[in-house]
Amino acid sequence: MRRTALFLAFLLMAPVRALAGPTEDATDTALKAVANIMTDHEAFLAAHEKDAVIVDDFFPYVWKGAGSVQRWSADERKLLRTKHITQPRITSGKPLRALSDGGTAYIVIPITYDFLLDGQKASDKGTFTFVMQHAESGWKISSWSYNGGE
């Protein structure tokens, strides 16, 4: 009995790594994707399902089907060039909403988008809304939308 009590006391005092749940894991994947949009193109692409749906505030507004993320990325780079936008940087805030049933997740992340427009500082605040799917390799983005301000 005394041995069992000592063992239990030892277990309670030992450092324990907290295990993240599905909501936290999915949110972490979404936050990393936001961080990688402008900095690590390959990691950003890899965070998505191959046929992810993207809705954004520039023409053609929706990208879907095989290669959708690559097409969005090419269109976004073209937009930056034609609008003379340089030094884009996205900073994310604390998620406003994060829900998961373990297989799917819904996450809303506020962001600030800072950039230079014709050499002048500019900024936009908005949100990214993600729908995630859990796969064998971890959480993947099945869709996202950007909802920006003016």
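Author: The model is predicted. The protein chain has an accessible surface of about 9,800 Å², and 58% of this surface belongs to carbon and sulfur atoms. Of its 150 residues, 33% count as buried.

Reader: What makes a residue count as buried?

Author: A residue is called buried because its relative accessible area is under 20%.

Reader: Why is a set of residues called a nonpolar core?

Author: The name applies because the residues are buried, belong to the listed nonpolar kinds, and are joined through side-chain atoms within 4.5 Å. The largest such core has 30 residues, and Trp72, Ile107 and Phe128 are among those with the most contacts inside it. Strand 5 gives the most to this core, with 6 residues. In soluble globular proteins, nonpolar side chains tend to be buried together.

Reader: Which residues is phenylalanine 128 in contact with, leaving aside its neighbours within four places in sequence?

Author: Among them are Val34, Ile90, Ile107 and Trp144. Each counts as a contact because heavy atoms lie within 4.5 Å.

Reader: What makes a residue part of the lining of a pocket?

Author: A residue belongs to the lining because it has an atom within 4 Å of a point of the pocket. The largest pocket has a volume of about 550 Å³. Of the 23 residues that line it, the closest to its centre are Asp57, Ile85, Tyr113, Phe115 and Asp124. By class, the lining has 15 nonpolar, 2 polar and 6 charged residues.

Notes: Residues are numbered from 1 along each chain as its sequence is written. This is a predicted model: local features need pLDDT of at least 70, side-chain atom pairs count only at pLDDT 80 or more; totals for chains, interfaces and linings use all residues. Side-chain values use heavy atoms; hydrogens and water are left out. On a 1 Å grid over the protein atoms alone, a cavity is a set of points where a 1.4 Å probe fits but cannot get out, and a pocket is an open set with protein on both sides within 12 Å along at least five of seven lines; lining residues have an atom within 4 Å of a point. Grid points are joined across faces, edges and corners, and a volume is the space filled by probe spheres set on the points. Ala, Val, Leu, Ile, Met, Phe, Trp, Tyr, Cys and Pro count as nonpolar, Asp, Glu, Lys and Arg as charged, and the others, Gly among them, as polar. Buried means under 20% relative accessible area, exposed over 50%, partly exposed in between (1.4 Å probe, protein chains only). Helices (H or I, at least four residues) and strands (E, at least two) are DSSP runs, numbered from the N terminus. Accessible areas come from the Shrake-Rupley method with a 1.4 Å probe; for residues, only the protein chains shown count as cover.
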